[in-house]
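Here are a few notes to read alongside the model. Take them in order, with the structure open.

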Amino acid sequence: MAEMTDTSEFDSHLFRTALVQLDRVAARLNLDPNIHERLRHPRRALVVSVPVRMDSKDIKVFRGYRVQHSTVLGPTKGGLRYDADVNLGEVTALAMLMSWKCALVGLPYGGAKGGVRCNPRAMSVTEREHLTRRYTAEIMLVIGPDHDIPAPDLGTDEQTMAWMMDTYSMTQGKTVPGIVTGKPLIVGGSAGRREATGRGIVYALYQAARHLQPLRGQRVIVQGFGNVGSVAARLLWREGCVIVGVSDVKGGILNPHGIDIRQLEAHVAETGSVVGFPGTEPVSNAELLEQPCDILLPAATGSQIHADNADRIKATIVVEGANGPTTPEADVILRDRGVTVIPDILANAGGVIVSYFEWVQGLQYYFWRESEITTRLQEIMTRAFNRVWALAAKEGTDLRTAALMEGVRRVAEGYRVRGFYP
Ligand code: NAD
């Protein structure tokens with residue numbers, strides 16, 4: 001293998017994990033060492049300072065990032081994250097994962113990711129708007145509807161995307177709906193985008209259920225009750241699953257007899273948290289993951305299942321709504337214990353799939369019915385799941401390795417036919 005060049009600027013736990021995964025898969029695929037070397041590096045990484053006048057009238061300067069991993073299969077696509085832990089390495093790793101994810105499900109995109117290191121919950125709406133508009137202005141150089149198309153992620157939402165689209169459009173003298181996805185419906189959003197990631201998780205679980213255990217009656221624990229976790233919890237609850245535990249950043253709740261998700265949503269709308277929901281016991285986020293259940297859905301942040309708690313996870317299926325919720329050490333422990341892990345790049349791909357639908361609709365100014373969107377989403381998720389399942393069986397490996405093999409192989413094939421520059 002060619003000697004690998006330095007990637008230390010991107011050093012972070014998640015980036016090291018992403019490289020280890022890539023290197024293992026490259027060895028299994030017997031990848032051309034030159035293509036392997038190219039895949040280990042992002043194409044572009046932009047670091048910006050984002051000055052914001054806070055409500056106190058003081059200026060605070062935030063650090064922002066936009067990283068584009070590969071443009072070999074098309075423009076880049078990936079979410080924007082507002083979180084106190086954001087750093088260049090994390091954003092780069094997430095951009096790389098987006099490359100594999102888009103290729104795995106057959107979208108004409110490369111991977112990107114953005115982030116601003118901040119605590120959005122401690123900021124007012126006005127402060128978040130100023131932050132978003134200034135960040136958008138700073139990354140304007142590298143984004144565009146044919147270049148790189150942001151979307152919501154941890155700590156950002158439809159409103160964030162509306163501000164981004166508006167800021168970008170102001171500089172163009174016209175409205176440019178294709179610049180972001182995950183927008184509100186009224187300004188060119190897509191039916192079904194808000195539910196897409198949660199719904200995709202359920203479609204993946206339908207397929208897993210065919211091979212493993214029927215969904216009805218399964219006990220489910222959901223960590224994170226935001227866009228991804230709350231939608232998945234509601235759909236699984238409607239499927240007849242028993243949701244025995246839920247958490248958010250403020251803490252968790254448990255009821256072994258099941259939690260009424262509709263009532264929980266009303267409680268969250270009123271109080272801002274799942275904590276204190278009547279009829280449940282309080283539990284910490286760490287304890288929640290180890291409670292008895294059949295399906296565990298981490299849908300919050302990375303590295304939640306690690307070497308110190310993996311052997312106490314009771315679930316037989318872990319379906320990764322979050323990006324990178326399981327460390328490589330924990331992955332080995334879960335595999336040895338016979339736990340099926342449906343990996344992030346497969347399980348949570350519904351979000352980018354419907355983002356792709358939104359982008360296509362925006363470019364054509366022609367909008368589809370929600371039923372068309374969910375049907376096409378289900379088709380793509382089902383095809384991707386079954387391809388990964390079959391490859392895992394053929395290679396005698398776990399689903400994560402198979403999903404990465406398929407995603408990396410397709411990106412590598414793009415470089416083989418095009419050359420090394422994109
Ligand atoms: P969100 O901001 O809407 O919700 C995040 C939820 O997790 C909130 O309930 C928050 O309180 C909770 N949370 C945050 N930190 C936590 C912690 N340390 N412990 C427990 N709970 C915590 O974000 P989201 O869009 O639902 O994204 C969640 C995860 O899913 C992220 O890892 C994201 O990268 C991934 N993801 C999101 C999408 C999407 O379409 N939104 C698509 C693919 C992957």
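1. A word on angles to begin with: under 35 degrees counts as roughly parallel, over 145 as roughly antiparallel, 65 to 115 as roughly perpendicular and the rest as oblique. Helix 1 (residues 13-29) packs against helix 14 (residues 399-418) at about 75°, so helix 1 and helix 14 are roughly perpendicular to each other. Their axes, lines fitted to C-alpha atoms over the stretch in contact, are 9 Å apart. Helices here are DSSP runs (H or I, at least four residues), numbered from the N terminus.

2. Keep in mind that this is a predicted model, where local features need pLDDT of at least 70, side-chain atom pairs count only at pLDDT 80 or more, and totals for chains, interfaces and linings use all residues. Residues are numbered from 1 along each chain as its sequence is written, and side-chain values use heavy atoms, with hydrogens and water left out.

3. Next, the largest nonpolar core, which has 94 residues. Such a core is a set of buried (under 20% relative accessible area, 1.4 Å probe, protein chains only) Ala, Val, Leu, Ile, Met, Phe, Trp, Tyr and Cys residues joined through side-chain atoms within 4.5 Å. Helix 3 (residues 88-104) gives the largest share of this core, 12 residues.

4. Have a look at Trp-100, among the residues with the most contacts inside that core. Leaving aside residues up to four places away in sequence, Trp-100 touches (heavy atoms within 4.5 Å) Leu-22, Leu-404 and Val-408, among others.

Definitions and conventions
Axes fitted to C-alpha atoms, helices over the stretch in contact; angles between N-to-C directions. Helix = DSSP H or I, 4+ residues; strand = E, 2+ residues; numbered from the N terminus. Buried < 20%, exposed > 50% of the residue type's maximum accessible area, 1.4 Å probe, protein only.
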